[in-house]
Amino acid sequence: YCLESHLKNEGEITVGADRRKKAEELIINRIMTGYLIYDGERAVGWCNAGDKTNYVPVCEKNEFRTEDDEKGRVKILYCIDIAPEYQGKGLAGIMMERFLSDAAKEGFSYAEGYPFTDRDFIWQYHGPVRLYEKFGFKLYRECPDFYIMRKTL
């Protein structure tokens, strides 16, 4: 259970059961929000997405800051993970469509994502650059390790 986007001390929670409990707590309190894709009863995809202001460790880093970071203005897609055997089947696109549709309906002005600048990095959990480009995101800023991709809604 990845908690890096919401907890400064994520690395201190090392036991899987404790990480799950913390993730559940964040979800119940509507701090961690996102989307799941299922194949029957099995979750095969997860997208961590929500109001940028709920991502405290992200917002505290200067390289993530933008001039529009007040509550209700920017919805971010922080991570998107698809089970290996389901990759390449269009599920990331389905999640992106839902993310953008919901962001517009919820009144956000912008959608942002943070794909890695190293396109060969094996763990592309922020989603690949090409996914953002396919859905009309533009490069907002290049940082040392990631891009800020942004779309006006």
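These exercises, each with a worked solution, concern a predicted model.

**Exercise 1.** Describe the lining of the largest pocket, beginning with the residues that lie nearest its centre.

*Solution.* We start with the space itself, which for the largest pocket comes to about 850 Å³. Next we turn to the lining, which is made up of 27 residues, and here Ile82, Gln87, Gln124, Pro128 and Arg130 are the ones nearest the centre. The elements that give two or more residues to this lining are β3 (74-82), α3 (91-105) and α4 (129-134). Finally, sorting the lining by class gives 16 nonpolar, 6 polar and 5 charged residues.

**Exercise 2.** Work out why the pair formed by Phe64 and Tyr114 is edge-to-face, and say where in the chain each residue lies.

*Solution.* The ring centres of Phe64 and Tyr114 are 4.9 Å apart and their planes stand at 80°, so the pair is edge-to-face, since planes over 60 degrees apart count as such. Phe64 belongs to the loop between α2 (56-59) and β3, whereas Tyr114 belongs to the loop between β4 (110-113) and α4, so that the pair links parts of the chain 50 residues apart. Both Phe64 and Tyr114 are buried, and together with Tyr55, Tyr78 and Phe146 they form one aromatic cluster.

**Exercise 3.** Decide whether Phe116 is buried or exposed.

*Solution.* Buried means under 20% relative accessible area; Phe116 has a relative accessible area of 14%, and therefore Phe116 is buried.

**Exercise 4.** Which rings does Arg150 lie over?

*Solution.* The charged end of Arg150 sits over the ring of Tyr110, at 4.1 Å from its centre, and Arg150 also lies over the face of Tyr140, 4.4 Å from that ring centre.

Conventions:
Residues are numbered from 1 along each chain as its sequence is written. This is a predicted model: local features need pLDDT of at least 70, side-chain atom pairs count only at pLDDT 80 or more; totals for chains, interfaces and linings use all residues. Side-chain values use heavy atoms; hydrogens and water are left out. On a 1 Å grid over the protein atoms alone, a cavity is a set of points where a 1.4 Å probe fits but cannot get out, and a pocket is an open set with protein on both sides within 12 Å along at least five of seven lines; lining residues have an atom within 4 Å of a point. Grid points are joined across faces, edges and corners, and a volume is the space filled by probe spheres set on the points. Helices (H or I, at least four residues) and strands (E, at least two) are DSSP runs, numbered from the N terminus. Ala, Val, Leu, Ile, Met, Phe, Trp, Tyr, Cys and Pro count as nonpolar, Asp, Glu, Lys and Arg as charged, and the others, Gly among them, as polar. Rings of Phe, Tyr and Trp (its six-membered ring) pair if their centres lie within 6.5 Å; planes under 30 degrees apart count as stacked, over 60 as edge-to-face and the rest as tilted. Buried means under 20% relative accessible area, exposed over 50%, partly exposed in between (1.4 Å probe, protein chains only). A charge sits over a ring if NZ of Lys or CZ of Arg is within 6 Å of the ring centre and within 35 degrees of the ring normal.
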